[in-house]
Amino acid sequence: MNLILLGAPGAGKGTVSAQLISLLGLTHVSTGDLFRQSIAEGTPLGIEAKHYIEAGCLVPDTLTANMLQEHLRSLSSSSGYIFDGFPRTIPQAEALDRILAEFNMDIDLVLLVEVDYELICERISQRRVCPLCGASYHLTLNAPARPGLCDHCAGELQRRADDSRETVMARLKTFEENTKPLIQFYEARGLLRRIDNSGPPEALREILRKVLST
Ligand code: AP5
Ligand code: MG
């Protein structure tokens, strides 16, 4: 099974991914995580991507699709993938179809994670991430057991470089202009389902179970 997670920045794609991994055992692929890893390693791709990410813009389609294709070739999972944050444009969606055809795969389901923008800004301001393992926390609703330290690997939690209010506003605008057309694109294919993530994190599991069973 291959599943896409579509949603505004901070809507909860990473949080939903963690739940889906435990429910379905699929392999998680986040283009945002891949870019952050390249930035941390100082690769040519990371150096180029950093400039776009810190401005709240999309990394160009060809660069992103090539990175994804290379990554899937290195993984070659037979059970399937959760695509978190890819595609974000119509050309990326078309590229994903071509890339998956190489593995005789298709998209089975697209989940649109929905939360209003005010709540997104509040959640992102409270987000802290682990630079070592990538785990994400909310300072009050999903707090680490020991303040400032990751529950999984004891890494020192940080704010993400693109989580300033100004960059979040730019990311929301980018979502409106470039990614929203994908809702219609996948609705027309009959693949889109909506997930309301405005409730507490504990509510998500039941919401996901319902969506996956219908
Ligand atoms: P990416 O890393 O994908 O960031 P994003 O889309 O902006 O989304 P986030 O990761 O910020 O949020 P999320 O939806 O995963 O929410 P989370 O679960 O963390 O991309 C970063 C950048 O890379 C892009 O801006 C772009 O420049 C570039 N890029 C990536 N992919 C690209 C592509 N395909 N093409 C071109 N460029 C690309 O939740 C947010 C917070 O809320 C957390 O603190 C979490 O704990 C909390 N939370 C979540 N759910 C709940 C809940 N139910 N209750 C309480 N708190 C909650
Ligand atoms: Mg994320």
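1. Ala-8 is buried, with a relative accessible area of 5%; buried means under 20% relative accessible area, exposed over 50% and partly exposed in between, with a 1.4 Å probe and protein chains only. The residue sits in the loop between β1 (3-7) and α1. Helices (H or I, at least four residues) and strands (E, at least two) are DSSP runs numbered from the N terminus. Leaving aside neighbours within four places in sequence, Ala-8 is in contact with Lys-13, Val-113, Tyr-117, Ile-120, Leu-172 and Phe-175, where contact means heavy atoms within 4.5 Å. The C-alpha atoms of Ala-8 and Tyr-117 are separated by 8.4 Å, although the two residues are 109 apart along the chain.

2. On conventions: this is a predicted model, in which local features need pLDDT of at least 70 and side-chain atom pairs count only at pLDDT 80 or more, whereas totals for chains, interfaces and linings use all residues. Residues are numbered from 1 along each chain as its sequence is written, chains are lettered from A and ligands numbered from 1 in the order in which they are written, and side-chain values use heavy atoms, with hydrogens and water left out.

3. As to the overall fold, the chain has nine helices and seven strands. Its radius of gyration is 16 Å, close to the 17 Å that the globule rule gives for 214 residues, so the chain is as compact as a globular protein of that length. The radius is taken over C-alpha atoms, and the rule is 2.2 Å times the number of residues to the power 0.38. Buried residues make up 44% of the 214 residues. Among contacts between residues at least 6 apart in sequence, 69% join residues at least 24 apart.

4. The shell of ligand 1 holds 35 residues, of which Thr-15, Cys-57, Arg-88, Arg-171 and Asn-197 come nearest; a residue is near a molecule if one of its heavy atoms lies within 4 Å of it. By class, the shell has 13 nonpolar, 14 polar and eight charged residues. Ala, Val, Leu, Ile, Met, Phe, Trp, Tyr, Cys and Pro count as nonpolar, Asp, Glu, Lys and Arg as charged, and the others, Gly among them, as polar. α1 (13-24), α2 (31-41) and β6 (136-138) each supply at least two shell residues, and α2 gives the most, with four.

5. Polar side-chain atoms approach the ligand at several places. One on Thr-15 lies 2.5 Å from an oxygen atom of ligand 1, and one on Thr-31 lies 2.8 Å from a nitrogen atom of ligand 1. The protein covers 97% of the 1,000 Å² of accessible area that ligand 1 has on its own, with areas from the Shrake-Rupley method and a 1.4 Å probe; for residues, only the protein chains shown count as cover.

6. Thr-89 lies in the loop between β3 (81-84) and α5 (90-102) and is buried, at 8% relative accessible area. A polar contact of 3.1 Å joins the side chains of Thr-89 and Asp-61. Such a contact is a pair of N or O atoms within 3.5 Å; within protein, one must be able to donate a hydrogen and the other to accept it, and residues adjacent in sequence count only if both atoms are side-chain atoms.

7. Most residues other than glycine have a negative phi, and most peptide bonds are trans. The bond from Phe-86 to Pro-87 is cis, with omega near 5 degrees. Asn-104 has a positive phi near 55 degrees and counts as exposed at 75% relative accessibility.
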